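Open the structure in your viewer and keep the selection tool at hand. The tour visits a pocket, then a sheet.

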Amino acid sequence: MMLTQIRDVRNLKLWARQIQFWRTHLDVFIEEYFHIRLKDTQRVVARQFGNADTLMVVKSRGYGKTWLTALCCIAIGVLYPGSLIAVVSGTAEQATLIVKKIQDYFIRNPEIMREIQCDGHRPVQLSRNKGICTLKNGSKIESYSVGTMRGNRAKIMVIDESPEVKADDLDAVIGPVRNTKRDICHQRGIRDYASKTISITSACLKSNYFYAMFMGTLKEFSWGSTSNFACALDYRSAARVGITDMEFFLKEQRKMPEAKFAMEYGSIFVGAESGSMFPYDLTESCRTLRQVETAQPTSCTSNYVMGVDLATSSERKADNAVITVIKLVEMENGCYLKKMVYMRSYHGKRLDALAEEVRRTYARFPRIIKIVFDHRGLGDALPEFLAQPWTDDNGKEYPPWTLDDARSLIHNAVPILRSVKANPQINQQLVSCLRVA
């Protein structure tokens with residue numbers, strides 16, 4: 001029997017409680033009424049679709065997030081007559097994908113098909129830039145571009161690929177949605193269910209506004225808010241529940257850059273923070289070392305420079321200490337071609353241990369002519385740890401080191417340490433030169 005045919009029961013309060021139960025257990029309604037079996041993670045998201053007002057669903061490509069969202073939209077539309085569900089995205093064509101899922105998968109389901117209004121036309125009216133699915137109880141699922149959504153109202157707004165929607169455009173359309181009440185509730189003076197905003201996407205750069213929204217919703221959810229829900233499910237989860245085979249993901253991993261795969265399939269927000277000095281799209285293309293040297297090659301005639309960035313905190317989110325080695329290849333015109341050939345990071349090491357690592361690195365690259373370090377803060381004490389002779393694992397002794405701009409009383413001290421005391425002017429010069437490089 002159609003759900004729309006059993007609304008004229010005598011005990012309306014009992015019916016209202018039953019509808020509320022189904023909404024708050026939307027996964028149960030989908031499985032029992034539509035006879036569609038959900039995976040365990042899909043049950044969680046479907047139930048939160050019915051309960052929460054703000055949902056941030058981040059899933060791997062190939063996880064079926066559009067399919068599940070389309071199914072949940074149909075379920076809510078069936079339960080609550082007159083629900084206007086708007087699907088928006090950065091482009092009108094992208095916004096039609098959820099309605100297209102209804103056409104491709106769900107009109108073959110007899111229970112769903114009995115709820116859809118046809119009246120001589122196709123169950124789903126779909127073109128390249130517009131999609132509409134109308135239910136017999138007056139609910140409607142309709143796609144919009146963000147621009148055409150302005151001035152319209154909706155009880156539920158689904159934002160597909162949220163990071164591609166401009167923040168200002170999104171703010172302009174969310175407000176009216178939050179303040180919408182179904183006509184049937186106005187006419188009969190009954191309480192309406194809370195409006196909903198559902199964002200579905202794969203992960204994006206941290207510099208995108210969506211990252212801040214996601215983290216804000218996640219924080220509210222972690223504090224026990226029942227009106228907020230956020231999740232990030234990766235490709236391993238999709239493979240575990242059997243939605244997509246692991247072989248597909250491994251094939252994609254082999255042909256994609258690591259950072260892009262981490263976002264698209266790993267559901268990891270990567271990249272620079274908003275307002276960073278070096279944006280992610282500038283640094284990402286330079287992250288692959290094309291020539292790596294773990295030690296100085298035999299018969300090498302090039303000189304090297306070591307850079308040392310000091311950090312000693314063992315806190316999980318604290319900075320790493322980093323040692324880099326840059327190779328100086330002399331050109332015919334007297335200039336030098338600089339190649340970074342070695343980089344290693346250290347977390348939570350004390351200053352004496354870092355000084356030992358600096359010595360070990362020098363032993364592997366004996367043609368290092370300068371060791372450059374930030375003298376402010378931790379660097380103020382670094383020369384003291386290097387001012388004594390040092391013996392490597394092979395029994396070779398190295399002389400003490402001293403600053404190259406200070407006189408040392410030690411007769412065999414090598415003036416190899418280059419102190420940098422940064423100030424705003426030097427920092428700006430470094431930034432400008434590094435951007436050009």
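Select Thr324, Ile326, Met340, Met343 and Leu434: of the 49 residues lining the largest pocket, these lie nearest its centre. A pocket here is an open set of points on a 1 Å grid over the protein atoms alone, where a 1.4 Å probe fits, with protein on both sides within 12 Å along at least five of seven lines; lining residues have an atom within 4 Å of a point. This is a predicted model, in which local features need pLDDT of at least 70 and side-chain atom pairs 80 or more, while totals for chains, interfaces and linings use all residues. Numbering starts from 1 along each chain as its sequence is written, and side-chain values use heavy atoms, without hydrogens or water.

Next, colour the lining by type. It splits into 25 nonpolar, 10 polar and 14 charged residues; Gly counts as polar, and Tyr, Cys and Pro are among the nonpolar ones.

Now select α18, which gives the most to this lining: seven residues. Helices (H or I, at least four residues) and strands (E, at least two) are DSSP runs, numbered from the N terminus.

Move to the open sheet. Its eight strands run β3-β4-β5-β2-β6-β7-β1-β8, with mixed pairing; strands pair if DSSP finds at least two bridges between them. Select β3 (125–126) and β8 (228–233): each stands at an edge with a single partner strand, so one side of each lacks a neighbour in the sheet.

Then show β1 (54–59) and β7 (196–201), a parallel pair with five bridges. Met56 has Ser199 of β7 as its bridge partner.

Finish on α11 (209–222), which packs on the sheet and touches β1, β7 and β8. Contact means heavy atoms within 4.5 Å.

Key. Axes are lines fitted to C-alpha atoms, for helices over the stretch in contact, and angles run from 0 to 180 degrees between N-to-C directions.
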